[in-house]
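Here is a short report on a protein model. Look at the sequence and the 3D view first, then read on.

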Number of protein chains: 2
Amino acid sequence: MVDLLNGFSSCQYLSEGKKLIEDKILSLLPDENAYPESIHRAMRYSLLAGGKRLRPILVIAATEAVGGDHEAVLPFAVAAEMIHTYTLIHDDLPALDNDDLRRGKPTNHKVFGEAIAILAGDALLTEAFILMSRSKGMESIPAEYILNASHEMATALGSKGMIGGQVVDLESEGKSVDAATLEYIHTYKTGCLIRACIRCGGMLGQASSQQLSALSLFGSHIGHAFQIIDDILDITGDEKQLGKDIGSDLSNDKATYPALYGLEESRRKAEELVKESIASLEEFDDRANPLREIARFFVQRTF
Amino acid sequence: MVDLLNGFSSCQYLSEGKKLIEDKILSLLPDENAYPESIHRAMRYSLLAGGKRLRPILVIAATEAVGGDHEAVLPFAVAAEMIHTYTLIHDDLPALDNDDLRRGKPTNHKVFGEAIAILAGDALLTEAFILMSRSKGMESIPAEYILNASHEMATALGSKGMIGGQVVDLESEGKSVDAATLEYIHTYKTGCLIRACIRCGGMLGQASSQQLSALSLFGSHIGHAFQIIDDILDITGDEKQLGKDIGSDLSNDKATYPALYGLEESRRKAEELVKESIASLEEFDDRANPLREIARFFVQRTF
């Protein structure tokens, strides 16, 4: 994607990246006729339902920022999207958020039933680890770098990471939530995976420890900003465009940034975080422009 | 565990191995007071509920069979038990088998609710991949061997492996099942993980390709035998001793070996498979005795 770095706008980096990822998903995902068909249809249904493909694009952009080869990290990037999709399928289940609509389509369990939806989520998480531990197509990256990135991702997803955030979010429903709890939910439920995508991209691109520290900071800020932006769009967004139930956070009594601080303060905070994230990339050359542009692009969506 | 190889019976290898694994589980599992507590309590509840710890013991025994260091593979072995526990928690959910009792205790969702049970299963699978990608404590094993073993395990657990078997099992309930479908369920739902434990143990012990082929054959036969034995014990076993609902396969109209072939023929088949599994280890020296003894011990339980 070297040509994307020269003069393309952030939207173009994102739209080109989206195509690249979607082509790779199609080449790596089990065929829908593979036995047993129901699970493969369910996996494909949610994974191919659209979305911005932000997380895999961040993996690629971070690899490129440190001078790595984006082609070699594509399987790992696709894994990040599978992980994101697994979390959506399980989050939507009746026992959790009980959502009927996702990306403009009925949720996985609405189409395939709860049992297959649970197993499809499990299978996507597992498929992600198949990809994050494979050497095929990633021969240019030494095994220890892949292993470390895989460990990084797994740790970010665990009970002291993303799942921890889901649990606290779940247990906070219908309660009045203080700032510290909201911070925890934001940091872990959404932030952990985004930060891990950026760190893993850097690690697979063989970043120096200084570069990795800067990417971590970028990842923390941008992950936080994204969650605030998501909360804002849940209130102000266009249901058709977002493809999910608007106001579902409110109706579920979810802890959100706007609920605690109001819309204006939330926008200000998101903008500040984006600025800080870009500042943390100060030592990087033009190859980090995609990361910078992605950061700027997302905060613009809230105005 | 070198002393276990000298004259101890299979039961002793299993009981010593169980203790070794349970100590390691306690040292590797997140503390129950770790925030958020509910998920860590749920993870510990099912993981510490007992069980034979057969899968991790098979990892260790396979490593020792090829002359590897069992100490170095302990984290990987614990991961195998976490994986087994995750499958039990998700299998027991109301949307799947809807079981109330497991290992003599109420199932995870009965105690913690469905949402936490789903997430506890997810977290145990994730924790397993944290352990299977870590280098700490496994420094004596080159990264590429760990990566390959991790890939092997992930593949065995996926939609074309264990989850595929779960799906076909689920979709066969209440239907008359032919021999080919039963074979598929056995091979994938139970066999894949057992075979992967043995292969991964071998891989981490740096088995030669000839040794690995033999271990694969051993794993296929023994995995198949174990499922038949489980089916038999579901009919003939002691509910208190097994700690689960006896006859639950029958009441769920599950496809089982005894249902299709009868008890006597099922016992004969299990015995034959155990003999074949032991024969496949012909080229191995005494260090494979634990594997041989485990195989013999399990088939004896059905008489």
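## Confidence

Chain A has a mean pLDDT of 90, and 89% of its residues reach 70 or more. pLDDT is the predictor's confidence in each residue, from 0 to 100. Residues 1–10 of chain A stay under 50. The complex as a whole gets an ipTM of 0.92 and a pTM of 0.93 from the predictor.

This is a predicted model, where local features need pLDDT of at least 70, side-chain atom pairs count only at pLDDT 80 or more, and totals for chains, interfaces and linings use all residues. Residues are numbered from 1 along each chain as its sequence is written, while chains are lettered from A and ligands numbered from 1 in the order in which they are written.

## Chain A in outline

Chain A has 15 helices and two strands. Both are DSSP runs, numbered from the N terminus: helices are H or I with at least four residues, strands are E with at least two. Of the 303 residues in chain A, 57% are buried. A residue is buried if 20 or more other C-beta atoms lie within 10 Å of its own, exposed if 12 or fewer, and partly exposed in between, with C-beta atoms placed from the backbone.

Take L54(A), in helix α3 (residues 54–65) of chain A. Why is L54(A) buried? Because 20 other C-beta atoms lie within 10 Å of L54(A). L54(A) and L14(A) are 40 residues apart in sequence, yet their C-alpha atoms are 7.6 Å apart.

## Where the chains meet

The contact takes 44 residues from chain B and 44 residues from chain A. Two residues are in contact if their C-beta atoms, placed from the backbone, lie within 7 Å. On the side of chain B that touches chain A, the largest share comes from α6(B), with eleven residues. That side divides into 24 nonpolar, 13 polar and seven charged residues. Here Ala, Val, Leu, Ile, Met, Phe, Trp, Tyr, Cys and Pro count as nonpolar, Asp, Glu, Lys and Arg as charged, and the others, Gly among them, as polar.

## The core

The largest nonpolar core has 194 residues. Such a core is a set of buried Ala, Val, Leu, Ile, Met, Phe, Trp, Tyr and Cys residues joined through C-beta atoms within 7 Å. V59(B) and F76(B) are among the residues with the most contacts inside it. Not counting residues up to four places away in sequence, V59(B) touches several residues, including F76(B), A77(B) and C197(B).

L131(B) sits in helix α6 of chain B. L131(B) is buried, because 24 other C-beta atoms lie within 10 Å.

## Backbone details

Most residues other than glycine have a negative phi, and most peptide bonds are trans. Which bond is cis in chain A? A cis peptide bond joins Y35(A) and P36(A), with omega about -5°. P36(A) lies in the loop between α1 (10–28) and α2 (37–47) of chain A. In chain B, the bond from Y35(B) to P36(B) is cis, with omega near -10°.

N98(B) has a positive phi, near 55°. N98(B) is in the loop between α4 (70–92) and β1 (101–102) of chain B. N98(B) counts as partly exposed because it has 14 C-beta neighbours inside 10 Å. R103(B) has a phi near 50°, and its place is in the loop between β1 and β2 (105–106) of chain B.
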